[in-house]
Amino acid sequence: MGISSRRTFLKASAAAAATTTLAARRLAAAPLTEPIGLQLYSVRELLPKDFDGTLHQLAAAGYVEVEAAGYFDRTAAQFRHSMDQAGLRCISTHYAMGMLRPRLDELIEYAHNLGCSYIVCPSPTRKDPAARGPLNLEDWRWAAGELNRIGEKVKAAGMTFGYHNHTPEFGSENGVVFYDELLRLTDPKLVVFEMDCGWVFAAGHNPIDYLSKTPERFPLLHVKDMAKGPNGQYHSVVLGRGAMDYKPILRAATGLKHYFIEQEEFDIDTMEALRQDADYMRKLSI
């Protein structure tokens with residue numbers, strides 16, 4: 001074998017080994033290697049009362065990464081200092097499209113100064129601001145174009161732009177599911193997706209179907225458990241106490257880079273519930 005052929009062979013072998021290792025990790029029962037993350041919406045009632053103390057409690061509970069949802073009147077420097085003091089990293093931040101469109105440059109600068117790698121949009125706006133009622137297919141197609149436009153500017157600033165779902169994305173019109181249309185019309189080079197697995201499930205869909213099809217489009221996940229209440233509606237509960245089975249979901253998430261636990265409702269002390277959530281993920285083998 002010549003030197004050139006040998007080099008080609010070695011490169012191919014290394015790539016194959018890396019792929020095999022990743023596949024083995026997902027197929028064999030092994031703990032997650034991604035750091036435990038939290039969407040700070042989970043502590044939205046605690047942060048205004050004791051911002052720094054809450055962050056330190058989260059770090060003590062085992063959280064390493066966070067995703068912001070509001071800044072509580074702090075500058076990027078102040079917010080980042082508090083994160084650093086607590087030993088946390090703010091990987092991502094949420095801005096609704098209604099905030100992003102008129103203040104894009106300002107919000108990109110804030111996220112950049114905070115040290116974020118991702119900016120994520122958790123809700124779209126209508127094409128016609130005066131319109132009322134649920135978004136229709138034309139609105140979602142227009143929103144996809146706006147996501148591409150915003151994603152281009154975020155990418156130019158050295159970060160990655162993403163879209164986060166709730167349940168309306170799984171509505172449909174003329175047989176077209178809105179979420180499928182967002183995936184189809186957004187440029188993978190400009191827009192990634194942060195799948196909220198709990199809301200996908202609550203909308204009657206299986207996260208695995210999407211993760212298996214295009215795992216590379218989902219580098220971010222929201223991990224939440226859902227239980228059906230007496231009214232028939234799903235609500236957020238401590239991980240492991242609801243209807244979600246995260247083992248096959250996380251096996252399918254081969255493009256995963258970061259995940260964020262999010263618990264939106266609590267029937268026990270908030271911090272105790274979040275400690276239980278972190279412990280669940282720490283012990284989870286997939």
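Predicted model: local features only at pLDDT ≥ 70, side-chain atom pairs only at ≥ 80, totals over all residues.
## Helices α3 and α4

Helix α3 covers residues 76–86 and helix α4 covers residues 97–114. Their axes come within 8 Å and cross at roughly 30 degrees. Angles under 35 degrees count as roughly parallel, so α3 is roughly parallel to α4. The crossing of the two helices is right-handed.

On the α3 side, the contact is made by Ala76, Phe79 and Arg80. Their partners in α4 are Tyr110, His112, Asn113 and Leu114. By type, the residues of this contact are four nonpolar, two polar and one charged.

Strand β4, residues 118–121, is covered on both faces. Tyr118 and Val120 are buried on one side, and Ile119 and Cys121 are buried on the other. Strand β3, residues 89–94, pairs with β4 in the parallel sense over three bridges. Within this pairing, Thr93 stands opposite Ile119.

Strand β12, residues 258–261, also has both faces covered. His258 and Phe260 lie on one side, with Tyr259 and Ile261 on the other, and all are buried. Strand β9, residues 220–223, runs parallel to β12 and is joined to it by four bridges. Here Leu221 stands opposite Tyr259.

## Met271 in helix α10

Helix α10 spans residues 270–283 and includes Met271. Is this residue, Met271, buried or exposed? Met271 has a relative accessible area of 4%, and because buried means under 20%, Met271 counts as buried.

Leaving aside neighbours within four places in sequence, Met271 is in contact with Val43, Leu46, Thr54, Gln57 and Leu58. Thr167 is 104 residues from Met271 along the chain, and the C-alpha atoms of the two are separated by 27 Å.

## Two loop residues with positive phi

Phe72 lies in the loop between β2 (65–68) and α3. Its phi is positive, at about 55 degrees, although Phe72 is not a glycine. With a relative accessible area of 24%, Phe72 is partly exposed.

Asn174 is found in the loop between β6 (172–173) and β7 (176–177). Asn174 is likewise a residue other than glycine with a positive phi, near 55 degrees. What is the relative accessibility of Asn174? The value is 73%, and because exposed means over 50%, Asn174 counts as exposed.

How values were computed
Residues numbered from 1 in each chain as written. Heavy atoms only, no water. Axes fitted to C-alpha atoms, helices over the stretch in contact; angles between N-to-C directions. Parallel < 35°, antiparallel > 145°, perpendicular 65-115°, else oblique. Left-handed = near helix turned anticlockwise from the far one by under 90°. Contact = heavy atoms within 4.5 Å. Nonpolar A, V, L, I, M, F, W, Y, C, P; charged D, E, K, R; others polar. Buried < 20%, exposed > 50% of the residue type's maximum accessible area, 1.4 Å probe, protein only. Pairing = 2+ DSSP bridges.
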